[in-house]
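User: I am new to this structure and would like to go through it by question and answer. Could you take me through it step by step?

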Amino acid sequence: MLPTPSTSHVSFDNVYEPAEDSFLLLDALSAPSETAFLQHRFPAATASSGAATPAPLVVEVGTGSGVVLAFVTAHAKTIFGHTNVLTLATDVNRFACEAAQRTVQTAIKDVCDSDTQTPTTSAAPASSAAFLSPVLSDLTSAIRPGEIDMLIFNPPYVPTEELPILPSTHSIDTSAGSNQGVSSHSIFERDSYLLSLSYAGGADGMETTDRLLEQIPTILHPERGVAYLLLCAQNRPEDVKARIRAWGNGWAAETVATSGKTAGWERLQIVRIWRP
Amino acid sequence: MKVLTVNFLTCAVKTCKTSPEAFPLHFRDAELAQQDLEFNPEFIKNMLLRLDWNAFRVTTSELGFSTIPAEKPEGDALNDETLLRDLHKVLLETQVMEGKLVCGHCAHEYAIKEGIANFLLPNHLV
């Protein structure tokens, strides 16, 4: 089993703490069936000529602590069979972007240290992909259409009466934590709001996921693109998959991992969305 | 953010998505930092295959890198280690820590703070 990236530096007052859903994604993406799929789809070189192939761009939307993207980045060699991979994270929460940056960098360094058995100061990417940056943005709004080869989304999937309003350019004062003039009450309000963005999914827990699904056909690379989406039972995953297949153009959606350990309403699954 | 990142970004304003002027976004007042990373020529070759070279040329000239050739290296040029090392330095080791990214279509400015670009839009543009 590949080690889970450390998130001990993250403040879970305002960033989603890795939980069963995050770990299901780690298990799914490192399972032999999924690494075989990814290694076939994103080979380091073409089988016939041995020529280089385009390095895949992996984007995690709503990265939170960054634990999933850090795992994929640090263990690229195991997951893709090579390290010619680029990774990028997005989140609407600036604290999450900052946390993810550190989680990914720490994971790269940890893997590098265990590879060489001697601590190094430079983050040499011997087993790891190249991490580009976190980007503070709504879903994939800042990413050029057709560029994403692999998209990962652990959405706000809990059904709630209302969907929290998305933050705008300057609506969140991230400096408030060290600001003497700000009351602990307003910091608590802000942090509760930021956490709600990570789980509150509106009707059927699907309002944000539906917006992402709308973007998938244009945001993914037309041939290579694949998306991994986490759903809970209340999201009606069978309906979601049927809707994706109804897009036509060869779009497929299959469940590639489930979490059967907890019965009840939060039973989880990972759906792979791609054109075979 | 690594300089390479901007090769995959565009303006977050919906009406700019189809405009050729919205890509690449333009760096303004960029403060750069260097991070040493192990040189991996295979990585650079694979990465070049997906790089938009014209956009990359625009970006590098704005940031003051002058050694980037006009044409994307192919064939024998990919054995030129000096060139690959130059590309490694610009694309992977160079980080933009502070500054702005500006859309060439709507002129909206996205602030970069501590290496993180803010693409959240003001309410009137959402």
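User: Which strands of chain A and which helices of chain B do the buried residues of H1(B) pack against?

Analyst: This is a predicted model, and what follows is computed from it. Helix H1 of chain B spans residues 41–48 and is mostly covered, with six of its eight residues buried; among them are B:Phe43, B:Ile44 and B:Leu48. The buried residues of this helix pack against elements of both chains, namely strand S2 (86–91) and strand S3 (130–136) of chain A, and helix H2 (53–63) and helix H3 (81–93) of chain B.

User: At the start of H1(B), which residue has a backbone nitrogen that a side-chain oxygen of B:Asn40 reaches?

Analyst: The contact in question belongs to the start of H1(B), where B:Asn40 contributes a side-chain oxygen. That oxygen comes to within 3.1 Å of a backbone nitrogen, and the residue that carries this nitrogen is B:Glu42.

User: Is B:Asp52 buried, partly exposed or exposed?

Analyst: B:Asp52 is placed in the loop between H1 and H2 of chain B. Since buried means under 20% relative accessible area and exposed means over 50%, the 25% relative accessibility of B:Asp52 makes it partly exposed.

User: Which backbone nitrogen lies 3.0 Å from a polar atom of the side chain of B:Asp52?

Analyst: Leaving aside neighbours within four places in sequence, B:Asp52 is in contact with A:Arg144, B:Asn7 and B:Phe23. Its side chain also reaches the backbone nitrogen of B:Asn54, at 3.3 Å. The nitrogen that lies 3.0 Å from a polar atom of this side chain is the backbone nitrogen of B:Ala55.

User: Which strands stand at the edges of the open sheet, each with a single partner strand?

Analyst: The open sheet has 11 strands with mixed pairing, in the order S6(A)-S7(A)-S5(A)-S4(A)-S1(A)-S2(A)-S3(A)-S4(B)-S3(B)-S2(B)-S1(B). Each edge strand has a single partner, so one side of it is left without a neighbour in the sheet, and these strands are S6 (252–259) of chain A and S1 (26–34) of chain B.

User: In S4(B), which residue does A:Leu136 stand opposite?

Analyst: In general, strands of a sheet pair through backbone hydrogen bonds, either parallel or antiparallel. S3(A) and strand S4 of chain B, residues 116–118, pair in the parallel sense over two bridges. Within S4(B), the residue that A:Leu136 stands opposite is B:Asn118.

User: Over how many bridges do S5(A) and S7(A) pair?

Analyst: S5(A), residues 226–232, has seven of its seven residues buried, so it is largely enclosed by the rest of the structure. With strand S4 of chain A, residues 150–153, S5(A) pairs in the parallel sense over four bridges, and A:Ala227 in S5(A) is the bridge partner of A:Leu151. A:Ala227 also stands opposite A:Ile273 in S7(A). S5(A) and S7(A), residues 268–274, pair in the antiparallel sense, and the number of bridges is seven.

User: Are H1(A) and H2(A) parallel, perpendicular or oblique to each other?

Analyst: The axes of helix H1 (residues 20–30) and helix H2 (residues 32–41) of chain A come within 5 Å and cross at roughly 60 degrees. A:Ala28, A:Leu29 and A:Ser30 in H1(A) meet A:Pro32, A:Glu34 and A:Thr35 in H2(A), a contact with three nonpolar, two polar and one charged residues. Because angles under 35 degrees count as roughly parallel and 65 to 115 as roughly perpendicular, the two helices are oblique.

Notes
Residues are numbered from 1 along each chain as its sequence is written. Chains are lettered from A and ligands numbered from 1 in the order in which they are written. This is a predicted model: local features need pLDDT of at least 70, side-chain atom pairs count only at pLDDT 80 or more; totals for chains, interfaces and linings use all residues. Side-chain values use heavy atoms; hydrogens and water are left out. Buried means under 20% relative accessible area, exposed over 50%, partly exposed in between (1.4 Å probe, protein chains only). Contact means heavy atoms within 4.5 Å. A polar contact is a pair of N or O atoms within 3.5 Å; within protein, one must be able to donate a hydrogen and the other to accept it, and residues adjacent in sequence count only if both atoms are side-chain atoms. Two strands pair if DSSP finds at least two bridges between them. Axes are lines fitted to C-alpha atoms, for helices over the stretch in contact, and angles run from 0 to 180 degrees between N-to-C directions. Angles under 35 degrees count as roughly parallel, over 145 as roughly antiparallel, 65 to 115 as roughly perpendicular and the rest as oblique. Ala, Val, Leu, Ile, Met, Phe, Trp, Tyr, Cys and Pro count as nonpolar, Asp, Glu, Lys and Arg as charged, and the others, Gly among them, as polar.
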